[in-house]
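Subject: Structure for you to look at

Hello,

Here is the structure I promised to pass on. Please open it alongside these notes.

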Amino acid sequence: MCVVGATLLASLLSASSAPAASMIHLPPGTQGTATYQFVPSAPGLRPLEPTASAVTIRWSDHSNNEQKFVLSKRDGTGRWLVIYQVPTRDGPGTGGDDYVFIDSDRSVSGQCYKVAAVNQNGEADTRETCTVRPDPSRFPQSVPSKVKQWYGLSNRNDGTSSLRSGVRSFEDRLTWGHQTYGVDLDWSDRSLWKIEARGGPHLMYGQAVALRVWGGGWLTYGQQTWGVDLQLSSRPSYQWYVVGGTPGTPIDNEEFALWNSATDDYLIASHQTWGVNLDWYQKTLPPPPPPPPPPPRGVKTFIANNCIIEQRPLEIWVADLTAGTGYMDTARLDSQYAAGGGCPFVGAPWTFTPKPGHQYLVRSVDYTAPGCTNDPMIGSCWRSQTTFTGDANGVVTSLTIG
């Protein structure tokens, strides 16, 4: 074998037996030696733990040569920003291989994270993991089934696709179109919409998004004289929330509802006399029933007048039904009937002030009538019977016994 061929063969054999370049780094001055320096292994990122006010990020150490861990998060434009760094706890007897950070920043709707283990030779990242905080102050956590009627948006941030209604049997795609009245939207068999989400590479339930119709502009809430209160703007408006599923779950061809934070309502397909057939869900509901009438007021003062034509006296018996004390003979009420007619004409009425909250039964007994005695239990001798409840702020009730 020639010298050149032998040299080439030796080079190939040496190259094939060397470790992969992606697994090792040779610091300056160590080339040609057997000393290799490795980057750390990527940590283990556990499932995110979102609440309405924060996201808890936990990870575990999967190597023994890192110097620190670096936690990064996407901002509203999708760029990665470092939000936390912590030195490694590796060391003799420490055993500290679990780490945690609580992110209370609420400025971004979609929360996306990755963790890197870092040493002087490089770093190794976890896979990106995203979620959405289930915050009822941002979007509704439960959705009426009638408003989950939309399909078709791209599940990729900054992607384009159609926006379809699941309740229309034909021309079910919302598109740009000139309208004489109201917002310039119409229904067609084709459409193209761009979706721009706040944080994260994919569309998730509960994420704030901006929607742009091709040829028109960014869809936003705006008052209209005719039709649904929408308008098309030249600037994105992140007032739309794609809801109807578990917050943080990626949307992949499932149905969803469109919630608008500017009007606190859902956009749905519905009949309009003027303009495109869209409406806000609350406006399509029947009016609520009128409130029940206020409860009747009780009695502050009870007044009785004896106007029986026989001009006999009456005995007034009172039972406090709340106290359960039975009947008490409270007063004799003489006739107030005048010989020439008219009543009450003479004498003073019987006046009673009840205790607030107590229920009373008042009976007047014609005790001098034939066959009667002064007994409130003989019904044939009653001339009146009244029940009421005492109320310090109630009304004055007047009874004419005839």
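Four bridges join S9 to S10 (residues 122–125), and the two run antiparallel. A hairpin of two residues connects S9 to S10. Strands here are DSSP runs of E with at least two residues, numbered from the N terminus. Two strands pair if DSSP finds at least two bridges between them.

Before the rest, the ground rules. This is a predicted model, in which local features need pLDDT of at least 70 and side-chain atom pairs count only at pLDDT 80 or more, while totals for chains, interfaces and linings use all residues. Residues are numbered from 1 along each chain as its sequence is written, and side-chain values use heavy atoms, with hydrogens and water left out.

Strand S9 and its partners

Six bridges join S6 to S9. There, Val70 has Ala116 as its bridge partner in S9. Four bridges join S9 to S11, again antiparallel. Cys112 has Cys130 in S11 as its bridge partner.

How many residues of S9 are buried? Ten of the ten are, so S9 is largely enclosed by the rest of the structure. Buried means under 20% relative accessible area, exposed means over 50%, and partly exposed lies in between (1.4 Å probe, protein chains only). Both faces of S9 are covered. One side carries Gly110, Cys112, Lys114, Ala116 and Val118. The other carries Gln111, Tyr113, Val115, Ala117 and Asn119.

Lys73 and Asp103

Lys73 sits in strand S6 (residues 68–74). Lys73 is buried, with a relative accessible area of 4%. Its side chain makes a polar contact of 2.7 Å with the side chain of Asp103. A polar contact is a pair of N or O atoms within 3.5 Å; within protein, one must be able to donate a hydrogen and the other to accept it, and residues adjacent in sequence count only if both atoms are side-chain atoms.

The pair is also a salt bridge, with the closest N and O atoms 2.7 Å apart. Asp103 is in strand S8 (residues 98–103) and Lys73 in S6, so this pair links distant parts of the chain, 30 residues apart. Asp103 is buried too, at 5% relative accessibility.

Leaving aside neighbours within four places in sequence, Lys73 is in contact (heavy atoms within 4.5 Å) with several residues, among them Trp80, Asp105, Gln111, Cys112 and Tyr113.

Other salt bridges

The count comes to 17 salt bridges. The rule is a side-chain nitrogen of Lys or Arg within 4 Å of a carboxyl oxygen of Asp or Glu. Side chains of opposite charge can pair when their charged atoms come close.

Asp135 and Arg106 meet in one at 2.5 Å, N to O. Asp135 lies in the loop between strand S11 (129–132) and strand S12 (150–151), and Arg106 in the loop between S8 and strand S9 (110–119), so the pair ties together parts 29 residues apart in sequence. Asp135 is buried at 4%. Arg106 is partly exposed at 33%.

Arg312 and Asp366 form another, with the closest N and O atoms 2.7 Å apart. Arg312 lies in the loop between S25 and S26 and Asp366 in the loop between S29 and S30, so parts 54 residues apart in sequence are tied together. Arg312 is partly exposed at 21%. Asp366 is buried at 3%. Glu310, Arg312, Asp366 and Arg383 are linked in a network of salt bridges.

S26 (residues 314–320) and S29 (residues 359–365) pair over six bridges. Val318 has Val362 in S29 as its bridge partner.

Another open sheet has three strands in the order S28-S25-S31, with mixed pairing. The edge strands are S28 (350–352) and S31 (395–401). The twist averages 15° from one strand to the next. S25 (residues 299–306) and S28 run antiparallel, joined by three bridges. Ile303 stands opposite Thr351 in S28.

Best wishes

Methods: Axes fitted to C-alpha atoms, helices over the stretch in contact; angles between N-to-C directions.
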